[in-house]
Amino acid sequence: MLDFAALRGQITGPLSVAECQKLSELAAATETVRALEVGHYLGLSTAVLLDSLPPGCELVTIDHHQGDEWCPATSPDDFLSNVDPFIGDRLFVFVNDDMRAALPTVGGGFGFVFYDADHTASAVAEFWDRAAGLLAERCLLVFDDADWAEQSTLRDLAEADGFKVVTGVRFHRGDHDKSDPETYTLEVMERG
């Protein structure tokens, strides 16, 4: 198992140690053959997913690397350099594009989804509009910063499509936000 504190020291990212650990546990427990990540920044969450998803599970990850009001622009080359040691023989598809353009091109059947892209309500709605039809009937949906009002609109959209909240951990944002190892803001939902 990864040392998540050490990994956070190697790859900058907006997940705490507790969130990395939970994302790893959820990914390891999935039985899907296709996983989708939207919003990977410099690759912290991608490294966790690559290390944790079951063998034979393809990971498709999308980010435009242009940044937004919460995260600065990043280099696709830096992202690839950070995640390269974790790819191994896994089926891995990296799409360097805006999710609005990319999602219609990546196929469907995703049984595991991690969303940590643009947190505005409009972007979340656009994500769901494009992604909902790509998800398997049995699917686990995880998204970060669920304690933020606009990001939490994803919960309502997913519930309307049959997902149920199964988070099981109370949200907590420490004084040093994601640098606090105990910060936890992941919403976990499942269908099927």
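Which residues in α3 meet which residues in α4? In this predicted model, the α3 side of the contact is formed by Thr46, Ala47, Leu50 and Asp51, and the α4 side by Phe79, Val83, Phe86 and Ile87. By class, the contact of α3 with α4 has six nonpolar residues, one polar and one charged. The two helices pack with their axes 9 Å apart and at an angle of about 15°. Because this angle is under 35 degrees, α3 is roughly parallel to α4. The crossing in which α3 passes α4 is right-handed.

Helix α3 spans residues 44-52 and is mostly covered, with eight of its nine residues buried. The buried residues in α3 are Leu44, Ser45, Thr46, Ala47, Val48, Leu49, Leu50 and Ser52. Among them, Thr46, Ala47 and Leu50 also meet residues in α4. An α-helix has 3.6 residues a turn, so residues three or four places apart point the same way.

His65 lies in the loop that runs between β2 (58-63) and α4 (76-87). The relative accessible area of His65 is 5%, and His65 therefore counts as buried, the cut-off being under 20%. A polar contact of 2.9 Å links the side chain of His65 to the side chain of His40. With neighbours within four places in sequence left aside, the residues in contact with His65 are His40, Tyr41, Ala73, Thr74, Ser75, Pro76, Phe79, Phe94 and Asn96. One of these, Phe79, is also among the α4 residues that meet α3.

Technical notes. Residues are numbered from 1 along each chain as its sequence is written. This is a predicted model: local features need pLDDT of at least 70, side-chain atom pairs count only at pLDDT 80 or more; totals for chains, interfaces and linings use all residues. Side-chain values use heavy atoms; hydrogens and water are left out. Buried means under 20% relative accessible area, exposed over 50%, partly exposed in between (1.4 Å probe, protein chains only). Helices (H or I, at least four residues) and strands (E, at least two) are DSSP runs, numbered from the N terminus. A polar contact is a pair of N or O atoms within 3.5 Å; within protein, one must be able to donate a hydrogen and the other to accept it, and residues adjacent in sequence count only if both atoms are side-chain atoms. Contact means heavy atoms within 4.5 Å. Axes are lines fitted to C-alpha atoms, for helices over the stretch in contact, and angles run from 0 to 180 degrees between N-to-C directions. Angles under 35 degrees count as roughly parallel, over 145 as roughly antiparallel, 65 to 115 as roughly perpendicular and the rest as oblique. A crossing is left-handed if the near helix is turned anticlockwise from the far one by less than a right angle, and right-handed if clockwise. Ala, Val, Leu, Ile, Met, Phe, Trp, Tyr, Cys and Pro count as nonpolar, Asp, Glu, Lys and Arg as charged, and the others, Gly among them, as polar.
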